[in-house]
Protein chains: 2
Amino acid sequence: LKKWRLVGSEKVYTSDYVTIFNDKLLLGDNSCIDYERVELRDFCSVLPLIEPQKIVMIKIYRYPADCTSWEIPSGFIEHDESAHEAAVRELKEETGYKSEKLTDWGSFSPWTRSIQRAHLFLAEKLVKGRPKRDNTEQIEVKLITVEEAKKMLRAGKVTHAPTIVALQKLLLNEK
Amino acid sequence: LKKWRLVGSEKVYTSDYVTIFNDKLLLGDNSCIDYERVELRDFCSVLPLIEPQKIVMIKIYRYPADCTSWEIPSGFIEHDESAHEAAVRELKEETGYKSEKLTDWGSFSPWTRSIQRAHLFLAEKLVKGRPKRDNTEQIEVKLITVEEAKKMLRAGKVTHAPTIVALQKLLLNEK
C-alpha cells in the first residue's frame, strides 16, 4: 500500500456544517491529483429501548426530501461535548427520555471523502420527561415493537442510514 | 405536519461531487430560516456473494482517514446511467467479477441535509474476469466467509456505512 502525500491544500468552502478542501496529492506512481475533501460534522444517533421490546422512534420532517422520515434520535456533536454527552442531550431534547444505561455501539463513516463519524449508542433504563425542541424540529415520538421495526426495515420504510444500522444491529443481537 | 416553503435559494458552492445551496425557508410558525442544503452525488454499493457463503470484499485506501477500509465495491452513478448499470460497472471495474443475477436491495439516505441516495444491490452467479482500475483506486480483492464478516462487524472493523448496511442485511436474511 502506497499512501498519498499531501503537497498542498486550499479551503474552498466553509460553514457551520461543511468545510471543503481542495487537496493536492502525490500518488505512489508520482502522479499528482486534485482531491476534494468534504468535512462534515460528526453526529450521534441513539437507539432508545424500553424493555421488553419497545423502541422509541421519532417521525421527523426532513426538508430536502420534503417528507417525514422514521428515525432514532440524532444530532450533531457540539464542539465542547463528547459523543456520549451529545447522545444524552439529543435523546432528552427530541424525545424527553433520560437514559440510565447508555452503551457505546461504536461508530461508522457515512461518507468516504470525509473523516466524519456517526457515533451510535444504545439507551436503556429510560425515564420519561419532557422534550425540548426548537422550531426547526417537527417531531412526533412513537413507541414501536421490535417486530414492527423488522417489518419497516424489510419494506424499505426506513431510509436514515444510522437508524438502519442501529435497528439491524439490535435485530442481529437478538439472534 | 407543516411543510416548509422555499422562498429563495442561492447556490453557494458547486463541483463534480458536491453542490451547496443556501435556501431561505418559511416555517409553519411563519418564522424564516436559512438552511444549508448539501447535495452529494448518488452512488451504488454491491454485495458480491459466491455460493456457498463467500463474500467478495475489497480493501481500499481511503485518503481522508489515511488508512485502508474493508468495503464492498461502490461508486458514483454517472449522469447517463441507472443505479443498476453503475452497480454492474463498478463491480467489474473494482473486482473483475460479472454478475448474472443482480438483485435490487433498495436505497437509503447517508446524509439528512441532502436527497443523496445510496443504492444497494446483491450480486450473485458471479463470473471471474479482470478488474479495470484507475491510479486513484488502490484495491486488494479478498474472499471472506459470512462467519468472518460477522466477526469483523462485531469487532467494529467495518466502518463504511453501505458495507455495514449490506452485510447486516445479508446476516438478517440468513436468520
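Reader: How many bridges join strand 1 of chain B to strand 2 of chain B?

Author: Strands and helices are taken as DSSP runs numbered from the N terminus, with at least two residues (E) for a strand and at least four (H or I) for a helix. Two strands pair if DSSP finds at least two bridges between them. Here, strand 1 of chain B and strand 2 of chain B run antiparallel and are joined by eight bridges. Within this pairing, Arg5(B) lies opposite Leu26(B) of strand 2.

Author: This is a predicted model, in which local features need pLDDT of at least 70 and side-chain atom pairs count only at pLDDT 80 or more, while totals for chains, interfaces and linings use all residues. Residues are numbered from 1 along each chain as its sequence is written, chains are lettered from A and ligands numbered from 1 in the order in which they are written, and side-chain values use heavy atoms, leaving out hydrogens and water.

Reader: In what order do the strands of that sheet in chain B stand?

Author: The order is 1-2-3, in an open sheet of three strands with antiparallel pairing. Strand 1 and strand 3 of chain B are the edge strands, each pairing on one side only. From one strand to the next the twist averages 25°; axes are lines fitted to C-alpha atoms, for helices over the stretch in contact, and angles run from 0 to 180 degrees between N-to-C directions.

Reader: Turning to chain A, why is one side of strand 1 and of strand 3 left without a neighbour in the sheet?

Author: Chain A has an open, antiparallel sheet of three strands in the order 1-2-3. Strand 1 (5-14) and strand 3 (32-40) of chain A stand at its edges with a single partner strand each, so one side of each has no neighbour in the sheet. Direction ignored, neighbouring strands of this sheet are turned by 25° against each other on average.

Reader: Which residues of chain A stand opposite one another, and what connects the strands?

Author: Strand 1 and strand 2 (residues 18-26) of chain A pair in the antiparallel sense over eight bridges. Glu10(A) is opposite Asn22(A), and Tyr13(A) has Ile20(A) as its bridge partner.

Reader: How is the size of an interface expressed?

Author: It is often given as the accessible area lost when the parts come together. Buried area is the loss calculated with a 1.4 Å probe and summed over both parts. Between chain B and chain A it is about 5100 Å², of which carbon and sulfur atoms give 64%. In chain B, Trp4(B), Tyr63(B) and Pro64(B) lose the most area to chain A, together 14% of what that side buries. As for contact (heavy atoms within 4.5 Å), 55 residues of chain B meet 55 residues of chain A.

Reader: How many salt bridges are counted between chain B and chain A?

Author: A salt bridge requires a side-chain nitrogen of Lys or Arg within 4 Å of a carboxyl oxygen of Asp or Glu. The count between the chains is two. Lys3(A) forms a salt bridge with Asp66(B), their closest N and O atoms being 3.6 Å apart.

Terms used:
Buried area = accessible area lost by both parts, 1.4 Å probe.
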